Amino acid sequence: MSRPCHNVRMRANDDTWLVVPLYNEATVIGDVIRAALPTFANIVCVDDGSTDSSAAAARAAGALVVHHATNLGQGAALQTGISYVVTQTDAAYLVTFDADGQHQVSDAEAMVALAREEDLAIVFGSRFLDDRTKAGFLKKVILKTAVWVTNQSTGLRLTDAHNGLRVIRRDAAARVNLIQNRMAHASEIVLQLGRTRLPWREYPVHVLYTEYSKGKGQSVLNSVNILVDLVFK
Amino acid sequence: MEKIWIQLILLVGVAVVAVTLTRSTADARHQAVRRVLLVGFVLVAASAILYPTFLSQLARLVGVGRGTDLVLYALVIAFLSYVATMYRRMKMMDRQVTALTREIALAKVRLEQAGYPTGPTETIDSAPPPALEPAPGPTPTGTDPAERRP
């Protein structure tokens, strides 16, 4: 396992890959990539069979695009991105990052720095550790329920479960194998990372609920699907 | 009191369906069970045709009023188990499709990065086609070897 020496800070997180699952986000993905590139030079977008020009936009903005021939779901896209980083790069860290512009690049940067400083294998982003994130009441209830269910099944004590911003060190990433193609992967990845018994921490992040992301957000009914997916593997 | 028999049989049927839904079973055993059930079905169907009163007698034996009711109950169980097996099979196929798609995606990127042309990127669209918009032309695939290497 090659890990970088902590004293030598490499230029612009050269040993880190941003993994961005991408599905029909043509209007925002270009800006998201351009905002992240100065900090993270390596970005892989997993185009999950988008029917719009998302892939072209991501490529034009400077990301490497891995293309799913058919739409499989965010979990599958995430796993493909993780597999890519583990098998085809020598990255020390990977950061899972949403394509819709909800996440702050500065948060991701701080999380990678924290992982380096404290020698952590996993850093989970949490929007409930401080009060920067403004979530609606119903959204809060759903997310808190998801946190509770996840904590029951994984044995970890997280404050946020379905947060797409995570830093995963290479050794931990190599032990992730998501089979939940759809949204239930958010609990599954926590479960699998928890089983590695590697050191982890949560880090407060700011999730930006724009009109755009709200329009695409998970509905209440979707949480029923997630529960069923988790029970009937 | 006799009703207890049909209740027991139906409940066991539902339980079996539930178990097959959640548990993975060895394929060969699964097939054997299906074949035994098929033979049983043929025997019951044949005797029901040859001796029309047979079903009603069987029904009364387990506490159901009429033979047709018994057939209906059996149908419900059969349908449930059909749904359960189909669900499992779909899940398995989903996994296979995912594995294939991932392999192709990763292999293609490897080719691109080695500088080989891989042709236009195509999406197999099972969802309704996107609204009418001008064709974007051939997608600019990463055919240029200028693509970053890890």
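The legends below describe close-up views of a predicted model.

**Figure 1**
Chain A contains 9 helices and 7 strands. Of its 233 residues, 58% count as buried.

**Figure 2. Surroundings of A:N13 in chain A.**
A:N13 lies in the segment that precedes strand β1 (16-22) of chain A. Its relative accessibility is 10%, which is under the 20% limit, so A:N13 counts as buried. The side chain of A:N13 makes a polar contact of 2.9 Å with the side chain of A:R116. Apart from neighbours within four places in sequence, the residues in contact with A:N13 are A:T39, A:F40, A:N42, A:E109, A:V112 and A:R116.

**Figure 3. Helix α5 of chain A and its buried side.**
Helix α5(A) runs over residues 137-154 and has 18 residues. From its first C-alpha to its last it reaches 25 Å, close to the 26 Å expected at 1.5 Å a residue. The buried residues in α5(A) are A:L143, A:A146, A:V147, A:T150, A:N151 and A:T154. These residues lie on the same side of α5(A), because they cover an arc of only 135° around the axis. An α-helix has 3.6 residues a turn, so residues three or four places apart point the same way. Helix α7 (185-195) of chain A is included in what covers the buried residues of α5(A). On the face turned away from the buried side, α5(A) carries the exposed residues A:F137 and A:W148. Just after α5(A) comes A:G155, with a positive phi of about 80°.

**Figure 4. Helix α4 of chain B and the glycine that follows.**
In chain B, helix α4 spans residues 67-113 and has 47 residues. The distance from its first C-alpha to its last is 69 Å, close to the 69 Å expected at 1.5 Å a residue. α4(B) is followed by B:G115. The phi of B:G115 is positive, near 95°.

**Figure 5. The aromatic pair of A:W17 and A:Y84.**
Over all chains, the whole structure has 2 aromatic pairs. A:W17 and A:Y84 form an edge-to-face pair, with 5.5 Å centre to centre and 70° between the planes. The pair links distant parts of the chain, with A:W17 in strand β1 of chain A and A:Y84 in helix α3 (residues 74-88) of chain A. The two residues are 67 residues apart. Both A:W17 and A:Y84 are buried.

**Figure 6. The aromatic pair of A:F124 and A:W200.**
A:F124 and A:W200 also form an edge-to-face pair, at 5.8 Å centre to centre and with 70° between the planes. This pair likewise links distant parts of the chain, 76 residues apart. A:F124 belongs to strand β5 (residues 122-126) of chain A, and A:W200 belongs to strand β7 (residues 200-204) of chain A. With 3% relative accessibility, A:F124 counts as buried. A:W200, at 30% relative accessibility, counts as partly exposed.

Definitions and conventions:
Residues are numbered from 1 along each chain as its sequence is written. Chains are lettered from A and ligands numbered from 1 in the order in which they are written. Side-chain values use heavy atoms; hydrogens and water are left out. Helices (H or I, at least four residues) and strands (E, at least two) are DSSP runs, numbered from the N terminus. Buried means under 20% relative accessible area, exposed over 50%, partly exposed in between (1.4 Å probe, protein chains only). A polar contact is a pair of N or O atoms within 3.5 Å; within protein, one must be able to donate a hydrogen and the other to accept it, and residues adjacent in sequence count only if both atoms are side-chain atoms. Contact means heavy atoms within 4.5 Å. The expected span of a helix is 1.5 Å times one less than its number of residues. The arc is that of the directions from the helix axis to the C-beta atoms. Rings of Phe, Tyr and Trp (its six-membered ring) pair if their centres lie within 6.5 Å; planes under 30 degrees apart count as stacked, over 60 as edge-to-face and the rest as tilted.
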